[in-house]
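Subject: The structure I promised you

Hi there,

Here is the structure I said I would pass on. Have it open while you read, and follow along in the viewer.

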Amino acid sequence: MLRFIILVACICLFIFSWPTIDKKLEKTEYHETIDLIESKVKNFDIKPIVNKFQHILNNLGIEKNEQLQKQPKSEEKRNEKVSLKTPTSHMFSIHNIELGDSKKNVEKQVGIARRASMNEYGTKWFAYHENYHYFFMAMYDENHRVTGLYSNQNLLTSTNGIKIGVSKKSVRSKLGDPLSGIRKGFIMYQFQKNSEYDVFLIDNMYVTIFYDKYSDNTVTAIQLISKNVEQQKKDYYTKANQKLEEGFEYQLFDLTNASRVNHQLPILSWDQHVKITAQNHSKDMAEHQFFDHTNLKGQSPFDRMNQDNISFLLAGENIAYGQLSSIFAHEGLMNSLGHRKNILLKGYKYLGIGVAFNEDSQPFYTQDFYAK
């Protein structure tokens, strides 16, 4: 009975406090006004009130609801610098995690994944981050051991000094010549010479190091894949399926936001409406064998968005084709100036991504950005 009385008192206190809260909300730009050059939105932060109220409820024995459980950690925690250590079992680690580590230990260190989505290896990438800070992805085998890692943020440590920001020349001086290709079945797939990434086979893992040509060809990201996992992937392109399509879409979305955080930009919100526009364009390109922003009907990205009743003041589109995963697609887009500008444009607020495969299971990627 006492708990019930306290609960009623708390609710009454919240209700009578609402006019004060409401006045504060009225002073904010609650309905966003988009400036095409720069958007500065000031939102009243009600988290302290919610957290305080939830604390009272917890004291009464009432558990948090599912939505509150999914809230990101606080800014204070996010801004703490990760203490990176030299790896002990392998040449490379990401966020102090190495191939072979258990999922239990990973999540003890960084918490549960924000998302799990299908990848080209027939397993899932688990994305870990704090509002896209400290972003990395991990995949696991049937024994819940790490078999793959990726990050495009400053979480890389190594036994030889290779880290984010070091030069391509330095990498090759430490690791030697990269692989010229990779065999899948009876076919040898050759890597492009003077590529924007290098692939090495080290410690029974394939190490792919990506370079940023707009930052003097310095290391911008790394992918680590167990040799066994890579060899089990028999074809260069994974057979198309809906789960993989969705996985590539979500992975490309997360990679985009992680890159925006790297450049001190606000993250984008997923927009399901424009995602359909992007999806339809990818399908159109895959089915009719063309690759262009303008479709065979002569419609531009802006025409397609207008046709789908999407209101915008600012919009842009990125397309990519043939990359074997969203990781390779994203790194390629970041090394193409026009696409890079779209990814890093401050004024955008929303992003929808659509992926489709052609008859050869080659993916087409479309990113539609906009602000309204």
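Predicted model: local features only at pLDDT ≥ 70, side-chain atom pairs only at ≥ 80, totals over all residues.

**A strand on the inside**

Start with strand β14, residues 350–357. Eight of its eight residues are buried, so the strand is largely enclosed by the rest of the structure. In a regular strand, side chains alternate between the two faces of the sheet. You can check both faces here: Tyr350, Gly352, Gly354 and Ala356 sit on one side, Leu351, Ile353, Val355 and Phe357 on the other, and all of them are buried.

Which strands pair with β14? One is β12 (residues 269–270), which runs parallel to β14 and is joined to it by two bridges. Look for serine 269, which stands opposite tyrosine 350 of β14. Another is β15 (residues 363–371), which pairs with β14 in the antiparallel sense over eight bridges. There, alanine 356 has phenylalanine 364 of β15 as its bridge partner. β14 and β15 form a hairpin with five residues between the strands, and serine 361 in that hairpin takes a positive phi near 65°.

**Charged pairs**

Side chains of opposite charge can pair when their charged atoms come close. How many salt bridges does a search of the whole structure find? The count is seven, and here are some to look up.

- Glutamate 230 and lysine 184 meet through their side chains, at 2.5 Å from N to O. This pair links distant parts of the chain: glutamate 230 belongs to helix α7 (residues 227–232) and lysine 184 to strand β7 (residues 181–184), 46 residues apart. Are these two buried or exposed? Glutamate 230 counts as buried at 9% relative accessibility, and lysine 184 counts as buried at 5%.
- Lysine 213 and glutamate 196 also form a salt bridge, at 4.0 Å from N to O. They are 17 residues apart, with lysine 213 in the loop between β10 and β11 and glutamate 196 in the loop between β8 and β9. Lysine 213 is partly exposed, with a relative accessible area of 40%, and glutamate 196 counts as partly exposed at 30%.
- Lysine 275 pairs with glutamate 249, their closest N and O atoms being 3.0 Å apart. Lysine 275 lies in helix α9 (residues 272–288) and glutamate 249 in helix α8 (residues 242–262), so the pair ties together parts that are 26 residues apart in sequence. Lysine 275 is buried, at 10%, and glutamate 249 counts as buried at 3%.

**Around helix α8**

While you are at α8, find asparagine 257, which lies in that helix. Asparagine 257 is buried, with a relative accessible area of 0%. Leaving aside neighbours within four places in sequence, asparagine 257 is in contact with Tyr132, Ile267 and Leu268.

How does α8 pack with helix α11 (residues 326–334)? The angle is about 40° and the axes are 9 Å apart. That makes α8 oblique to α11, since angles under 35 degrees would count as roughly parallel. The crossing is right-handed. On the α8 side, the contact includes Phe248, Leu252 and Leu255, and also Glu249, the residue that pairs with lysine 275. From α11, the contact is made by Ser326, Ile327, His330 and Met334.

Happy browsing!

Key: Residues numbered from 1 in each chain as written. Heavy atoms only, no water. Buried < 20%, exposed > 50% of the residue type's maximum accessible area, 1.4 Å probe, protein only. Helix = DSSP H or I, 4+ residues; strand = E, 2+ residues; numbered from the N terminus. Pairing = 2+ DSSP bridges. Contact = heavy atoms within 4.5 Å. Axes fitted to C-alpha atoms, helices over the stretch in contact; angles between N-to-C directions. Parallel < 35°, antiparallel > 145°, perpendicular 65-115°, else oblique. Left-handed = near helix turned anticlockwise from the far one by under 90°.
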